[in-house]
Amino acid sequence: MYGVCGVRIDISFTDRVGIAHEVLAVLAARRLNVVAVEVDPPDIFIDAPELTGDALDGLREALLEVAGVEGVAPVDMLPGVRRRLHLAAVLAAMPDPVLAVDAGGMVILTNAAADDIVGGAALSGKRIAELTDDEGFQREMVANGFQVPAREVMLRGQPFQVDVRPVADQPSQVAGGVLTLHAPSRIGERLQALRNFDEGGFDAILGDSPAMKGLKARAARLAAVEAPLLILGETGTGKELIAHACHRASSRMGKTFLALNCAALPENLAESELFGYAPGSFTGAQRGGKPGLLELAHQGTVFLDEVGELSPYLQAKLLRFLNDGSFRRVGGDHEMKVDVRIISATHRKLDQMVAERAFREDLYYRLNVLALQVPALRERGDDILLLARHFILRACAQVQRRPCRLTAGAAGALLANPWRGNVRQLESVIFRAVTMTDGPWLDAPDLEIANSRMAAEPGRSGDGLGDECAGSWEEAVAEFERSLLDRLFPRFPSSRKLAARLKTSHTMVANKLRKYGIPQGRGSGGG
């Protein structure tokens with residue numbers, strides 16, 4: 001035991017045989033009890049509890065008479081003690097359980113997180129074989145010099161991914177190992193950090209249209225409610241972005257958010273991804289089993305995209321989890337219970353699928369406790385140019401080119417397009433245009449989109465222009481202007497409103513309306 005009083009000294013010396021023995025002999029001659037000695041050339045550190053500050057000067061003079069001693073100075077703490085205190089602090093701060101074991105697999109040191117697993121009961125002195133459900137794990141570790149691949153073990157009924165690192169002075173002299181245990185929820189936090197950039201909250205969702213303002217206001221209220229949330233909307237409208245914002249605005253903010261696209265995987269893979277699998281469930285499975293997203297996201301959120309694509313079997317299994325929060329891994333018999341909020345999304349009409357018996361009615365009502373409808377891009381036309389400019393800046397940064405701007409023609413083309421692929425399609429169009437052009441402006445032809453309204457009219461070609469005007473640039477531009485103004489005028493029924501919408505002069509819009517006779521039967525666009 002180290003003394004809590006007295007003086008600890010650092011003796012600097014020139015290394016030679018026997019100097020440490022002579023130094024200790026000086027302290028013994030003064031009947032000073034030495035409780036700790038650390039030799040770290042060119043220093044000897046000594047803890048002598050009975051040494052006082054008054055006696056230090058006399059001791060210093062005696063020590064300096066020893067050949068090779070160059071200095072004597074008091075220190076507050078021996079280096080070894082300092083290192084042990086720092087190590088203890090590091091271990092205590094680690095959220096993952098850590099166990100140090102000797103060469104036979106017996107626990108000799110643990111941190112607080114490891115002690116918490118067994119409710120504060122001491123783990124020291126126990127063998128790993130006594131703590132885990134895998135009887136061969138300890139035997140395999142010892143036989144392979146504590147160099148074994150990561151695997152899952154059950155420790156006191158809880159699953160952990162365990163990493164083993166050997167402790168060795170030399171490769172052939174293994175003194176034991178250090179085991180670090182990773183709970184599924186901790187793995188989920190790291191997995192989220194790898195998979196997701198910071199999507200941000202509702203403020204990061206672009207859109208000032210009335211439809212988007214209403215959506216964000218409603219979503220912010222529903223985010224705080226601890227209940228399943230169903231997000232409806234066409235493909236490409238940004239349902240996952242809304243789901244992530246709801247997670248960020250909930251009490252689970254800071255916990256794990258993981259997503260699964262239910263349409264991207266066959267039934268067996270989707271089941272193992274969501275619920276995990278037990279050891280030996282199937283050929284080729286990871287040894288020791290694997291946690292699913294529900295375990296990884298404990299106390300967080302799981303987002304099920306395209307939930308309407310789940311098979312009837314998975315619908316039934318998901319329903320059971322929603323009822324009581326419990327499930328079993330694939331091939332497992334151990335009942336697990338986690339705290340996870342389910343946010344789901346689909347572009348399909350689930351109520352219609354229920355009527356057609358393609359989706360379970362009871363699951364539909366469990367998922368549809370809270371609901372959000374994300375508007376299509378064509379229903380939020382006021383946001384098209386805002387989004388386009390945002391995507392231009394991002395695309396220019398990605399391809400490392402100077403920012404460019406939209407011409408009036410390009411802006412008009414964007415506004416006239418129906419955007420069946422919604423925001424995702426708009427982003428793709430902008431990225432392609434930015435990468436394929438070098439100038440400071442993006443014009444309508446650079447966007448490579450067709451006005452599908454014109455393309456759908458009889459006698460129109462697939463490029464959105466009638467055959468009769470395909471040979472004339474002026475006629476093509478005039479046809480495009482007429483179609484654009486004809487489409488927008490019912491929503492902005494005056495030249496001033498339309499000019500404000502297109503961000504151009506009232507005079508130009510009034511002249512164009514008059515030129516094309518919009519509205520039909522009138523020669524003026526109104527004031």
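Predicted model: local features only at pLDDT ≥ 70, side-chain atom pairs only at ≥ 80, totals over all residues.
Arg 252 is buried, at 7% relative accessible area, whereas Glu 226 is partly exposed, at 44%. Together with Asp 339, these two residues make up a network of salt bridges.

The whole structure has 18 salt bridges. One of them joins the side chains of Asp 47 and Arg 8 at 3.6 Å, N to O. Asp 47 belongs to strand β3 and Arg 8 to strand β1, so this pair ties together parts 39 residues apart in sequence. Both Asp 47 and Arg 8 are buried. Glu 309 and Arg 348 also meet in a salt bridge, at 3.4 Å. Glu 309 is partly exposed, with a relative accessible area of 33%, and Arg 348 is partly exposed at 34%.

## Nonpolar cores

The largest nonpolar core contains 39 residues; Leu 406, Leu 414 and Leu 498 are among those with the most contacts inside it. Helix α15 (384–399) contributes the most to this core, with eight residues. Leu 498 touches residues including Leu 485, Phe 489, Phe 492 and Leu 513. A second, separate core has 32 residues, including Phe 275 and Met 336.

## Overall make-up

The protein has 22 helices and 20 strands. Of its 527 residues, 45% count as buried.

Key:
Residues numbered from 1 in each chain as written. Heavy atoms only, no water. Core = buried A, V, L, I, M, F, W, Y, C linked by side-chain atoms within 4.5 Å. Buried < 20%, exposed > 50% of the residue type's maximum accessible area, 1.4 Å probe, protein only. Helix = DSSP H or I, 4+ residues; strand = E, 2+ residues; numbered from the N terminus. Contact = heavy atoms within 4.5 Å. Salt bridge = Lys/Arg side-chain N within 4 Å of Asp/Glu carboxyl O. Lists of a residue's contacts leave out its neighbours within four places in sequence.
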